[in-house]
Amino acid sequence: MSVLVIGGSGYVGTGVLPYLMDRYDITVFDLNPPKVEGVGFIQGSIFDRETLSVAVGSCDSLVFMAMATENIGSPTPFDRYVEGNVLAVY
């Protein structure tokens, strides 16, 4: 089964991917390449609906771990979190 992990390059994704890899064919969708070797990678933003739609269409299942921050270290307005973590999931 192919699983798309959105946000798989972050802190949580990096910790979870090794457990998923034992059972599934994993592709990470993220702005940054995954830190875990042996997984596929599609670079993209959850705010880019076209790229995200193509990525989602290529998998059997989905795990969402994104936090909607595009610039690490910079404050993100609350509405950007809602857009990324509610609307992107919808």
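Which residue of β3 is the bridge partner of Asp30? I looked this up in a predicted model, where local features need pLDDT of at least 70 and side-chain atom pairs count only at pLDDT 80 or more, while totals for chains, interfaces and linings use all residues. Residues are numbered from 1 along each chain as its sequence is written, and side-chain values use heavy atoms, with hydrogens and water left out.

**Entry 1, strands.** I found that the partner of Asp30 in β3 is Gln43. I noted that β2 and β3 (residues 40-43) run parallel and are joined by four bridges; strands are DSSP runs of E of at least two residues and helices runs of H or I of at least four, numbered from the N terminus, and two strands pair if DSSP finds at least two bridges between them.

From β1 the chain passes through α1 (residues 11-21) to β2 in a right-handed β-α-β crossover, that is, clockwise from the first strand over the helix to the second with the strands pointing away from the viewer.

I recorded a volume of about 310 Å³ for the second largest pocket; a pocket is an open set of points on a 1 Å grid over the protein atoms alone, where a 1.4 Å probe fits, with protein on both sides within 12 Å along at least five of seven lines, and lining residues have an atom within 4 Å of a point. Grid points are joined across faces, edges and corners, and the volume is the space filled by probe spheres set on them. Among its 14 lining residues, Arg49, Leu52, Leu87, Ala88 and Val89 are the closest to its centre, and α2 gives the most to the lining of this pocket, with four residues.
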